[in-house]
Amino acid sequence: MSDARKARFGTGRMVSIMVRIWTPVLVGLGHRPNAVAEPFCMVYASRWFVPASSRDERRRRAIGAGLSPITTFLKGTNAMRHELSALPYAHTALEPHISAETLEYHHGKHHAKYVANLNDLIPRTRFENMPLEEIVREADGAIFNNAAQAWNHAFYWHCLSPDGGGEPDETLTAEINKHFGSLAGFRQKFTDLATTLFGSGWTWLIRNPDGSLAIENFGNAGTPLREKDRGPLLTCDVWEHAYYIDYRNARPKYVEAFWNLVNWDFVAEQYQARTHASGGI
Amino acid sequence: MYPGNVGNTSLQLRRRDFLMAAAGTAAALATGTARAASPLVLPPLPYAENALEPVISGRTISFHYGKHHKTYVDNLNKLAAGTEYADMPLEQIIAATAGKPEKTAIFNNAAQVWNHTFYWNSMKPGGGGDPPAALKQRIEASFGSVDACKKELAAAAVSQFGSGWAWLVLGGDKLKVVKTANANDPLTTGVTPLVTVDVWEHAYYLDYQNRRADYVGAVLDKLLNWEFALRNLG
């Protein structure tokens, strides 16, 4: 920046502007002050896709939301192009628990490939203009696998944070105590399921429509998002690619490290949003 | 005869504890008739850990064989101890527990023990290339060409979503390609496995990371043990 511009705006002002522009991009809309809490999926439906009918309108909305113009279309078709969402932190941010090398492959190759596969699969199908979550709910086979993996991974990134670990807020702690006896009991049950899931898959904390909490394993691309009115709150990816570079066969060590990264603020937001969406039940 | 095991009496004895005969299973695995009520033993690798380099590193094999395969053996021994399965030949455990939800853990570990042993023998240093004439004929009769067979096997291996295995099997009088998820193997479906490729990520992640297709292609071109397949063909 030139000295003249520095003098005109002041460094503090520039920093503040930059923070205002980039914060939603970097940390996700769910973290905006004063934002209405929305479940992750809804936030992402408006971030990743192009919901309006006109392409220009769709682009304007995306830009207006403080995002890069990510709304593009598959060449030669009218199909929406799903974009790989950015990691909400630097590749090195989760070290030493999860290495930059793992994140470079996991986000830059695996997650990216699911998104790319999805874009290859949907043109000229009924899914070509459907928001990601709807595809996850309605598709089967390869389209489901890739759509669900695209969604699950984005959710997983947000479940982790360099400032994570510790304990959830009072409200969520009370709910966890109610359903699992104690935080330690909850953590033990989640850990047991995550370490014993056979093959590839995901361990989820889920809010049921009746307000109860459940911990369940879903194989491969499985996700509670597909199940009506069930709210995913927290997930741990136990595909081997999530931990093999750092922990090899020692999945329990990865799951232990996972607890140092859990983004309880995000989990609490999901819980609140789901509670709100179900009318407080 | 099991490859890499000739003339080693102690290994053969240990192997006999582990590898049991069962009707309809791969002939090359049938080296004994019953197992005493002693734990299963991890069968020795049919080659040195670094023998498959550069296609599969010694580091990968040390984890894959020394940790993953061994853990399945240890888990099976723990789960079978004091049960009806303690004295049962491995193939019989697999047959007796397949498709029973309450027996999932014992099935998974038993099948993974069997699958891995079969996988080690499906490869050899300096493998790949042209199959022996007798096998080549059968392959051409079923697939048209060896290349078409390899292509189909590679496609199955690459497209198996999640963890699992791709197999060349004999079903009826035809050779065909199947893929199975997680611990599942084709033994319980009445076909005869000839060779397999492990596509659990732990089989290739240290060497190929996300590039499963490269791993599969290299195994088929440079390591596949066609002689083992021919022996299983009977």
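The model is predicted; local features need pLDDT of at least 70 and side-chain atom pairs pLDDT 80 or more, while totals for chains, interfaces and linings use all residues. Residues are numbered from 1 along each chain as its sequence is written, and side-chain values use heavy atoms, without hydrogens and water.

Between the two chains, 19 residues of chain B contact 18 residues of chain A (contact means heavy atoms within 4.5 Å). About 1900 Å² is buried between them, with 60% from carbon and sulfur atoms. Buried area is the accessible area (1.4 Å probe) that two parts lose on being put together, summed over both. In chain B, the most area is lost by B:Phe161, B:Glu201 and B:Tyr205, together 38% of what that side buries.

Eight residue pairs, both at pLDDT 80 or more, are in polar contact. Such a contact is a pair of N or O atoms within 3.5 Å; within protein, one must be able to donate a hydrogen and the other to accept it, and residues adjacent in sequence count only if both atoms are side-chain atoms.

Within chain A, helix α8 (residues 170-180) packs against helix α12 (residues 264-277) at about 75°, with axes 10 Å apart. α8(A) is therefore roughly perpendicular to α12(A) (65 to 115 degrees). A:Leu172, A:Glu175 and A:Ile176 of α8(A) meet A:Trp264, A:Val267, A:Ala268 and A:Tyr271 of α12(A).

Note on methods. Chains are lettered from A and ligands numbered from 1 in the order in which they are written. Axes are lines fitted to C-alpha atoms, for helices over the stretch in contact, and angles run from 0 to 180 degrees between N-to-C directions. Helices (H or I, at least four residues) and strands (E, at least two) are DSSP runs, numbered from the N terminus. Angles under 35 degrees count as roughly parallel, over 145 as roughly antiparallel, 65 to 115 as roughly perpendicular and the rest as oblique.
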